[in-house]
Amino acid sequence: MPTTPQRQQDMTPAHRRLISGWLFLLCFMLLGMIAIGGVTRLTGSGLSIMDWQPVSGMIPPLSHAEWERLFALYQTIPQYHLQHEGFGLEGFQKIFWAEWIHRFWGRLMGLVLLAPLVWFVVRGMITRRLAVRLFVFFILGALQGAIGWFMVASGFRANSTAVEPVRLVLHLSAALLLYGAILWTAFSIRWPQPEPTPFTPGVKLTRRLACLSIGLLCITIIAGGFTAGTHAGFLFNTFPLMDGHLVPADYAQLSPLWMNWIVNKAAIQFDHRLLATLTALSIGAVLLAGLRRGAGLGPQAQNGIILLGWAVLVQYALGVTTLLLVVPVWAGAVHQTFAAVLLGVMLYVLHTLRRGRPQG
């Protein structure tokens, strides 16, 4: 018999583990989606599929005639003539598979979300409110597919070999927003009650610094999206100086000034470096505030903050490595994916610091 829907915090431990584990799986798949998207972008594969077929597109080409049809479509866009003219059907197939896997992975995620959700609702294992939230996640996932096509379509313009950076940033930001929402929901189901925390100045300071850090992190990721979309990472492949200068000489060459932040490659890369450094420093401040003697944080929050410190060190090192190696595919994809991992750790820390209650 179906169980009676209960408040989220009154779910049985077994149901909490099952449902949160399912949501953690979805988050892991989203990380895979971000990684595949990075490979697709860095190999120039994103424009290889010229049509958007949400259902029938799950089936890859099964005949030589279908391969020829898709290749003929690709030959009509500027990227083929400007970058790949004459590379033949075999060359087309190499770039096709990265984009096809990216789209297939998204469709697979939709099934992994929807099918268990229907089962949990039928069995009465989740509340109506949670079911509605999870269904909204499914709708947002479908919308993300539409945003992806909106992004890809921008690469079909005359004399274009890549998608518009603004649309790339929109696609990446929407993916990370969905990832963060699902991850926070999973945390709340797995740990419905906050860790008992005394209301001390140390706890308040740590929370404020953590909020500042995640804000800086989100802005840094957006700046990284523009760095990727404009290929700004292929310039100034030295660190910490840029062509011998701390600030590139042509930082503010465009007017108005804000145009430099999304168009001027020198400014875009410098902004990403600066924001990444500020993010790392702010997370260092979180460590100093949260781990000092008398801060009052519980073991879960302290462990999360330690993990956050290691995660930001790894991500910063990945960024520098990617830059110095002139953005090889593997490094660019790992750096992009680990940004989402760092965001996840940051969300975990914020979750452990939520709604503290006075002790005593």
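Helix α7 is followed by His231, a residue whose phi is positive, near 60°. The structure is a predicted model, in which local features need pLDDT of at least 70 and side-chain atom pairs count only at pLDDT 80 or more, whereas totals for chains, interfaces and linings use all residues. Residues are numbered from 1 along each chain as its sequence is written, and side-chain values use heavy atoms, with hydrogens and water left out.

Confidence is expressed as pLDDT, the predictor's confidence in each residue, from 0 to 100. The chain has a mean pLDDT of 90, and 95% of its residues reach 70 or more. Over residues 1-6 pLDDT stays under 50, and the model has 14 contacts beyond four places in sequence for this segment; contact means heavy atoms within 4.5 Å. Residues 356-360 also have pLDDT under 50 throughout, with 9 contacts beyond four places in sequence. Where pLDDT is low, the predicted coordinates should not be read in detail.

Helices (H or I, at least four residues) and strands (E, at least two) are DSSP runs, numbered from the N terminus. Helix α7 (201-229) has 29 residues and reaches 42 Å from its first C-alpha to its last, close to the 42 Å expected at 1.5 Å a residue. The expected span of a helix is 1.5 Å times one less than its number of residues.

Most residues other than glycine have a negative phi, and most peptide bonds are trans. With a relative accessible area of 36%, His231 is partly exposed; buried means under 20% relative accessible area, exposed over 50%, and partly exposed in between (1.4 Å probe, protein chains only). Val326, in the loop between α9 (299-324) and α10 (329-352), has a positive phi of about 65° and is not a glycine. At 37% relative accessibility, Val326 counts as partly exposed.

In helix α2 (residues 64-74), the buried residues are Trp67, Leu70, Phe71 and Tyr74. These residues cover an arc of only 100° around the axis, which puts them on the same side of α2; the arc is that of the directions from the helix axis to the C-beta atoms. The elements covering the buried residues of α2 include α3 (78-84) and α4 (88-122). Helix α10 contains His351, which counts as buried at 2% relative accessibility. Leaving aside neighbours within four places in sequence, His351 is in contact with Trp184, Phe187, Ser188 and Trp191.

In the unreviewed UniProt entry, the annotation "transmembrane region" covers several spans, including residues 209-236 and 274-292. UniProt positions are given in the numbering used here, feature names are shortened, and annotations may be inferred rather than shown by experiment. In the model, residues 209-236 are 75% helix and 0% strand, and their end C-alpha atoms lie 32 Å apart. Residues 274-292 are 95% helix and 0% strand, with the end C-alpha atoms 27 Å apart.
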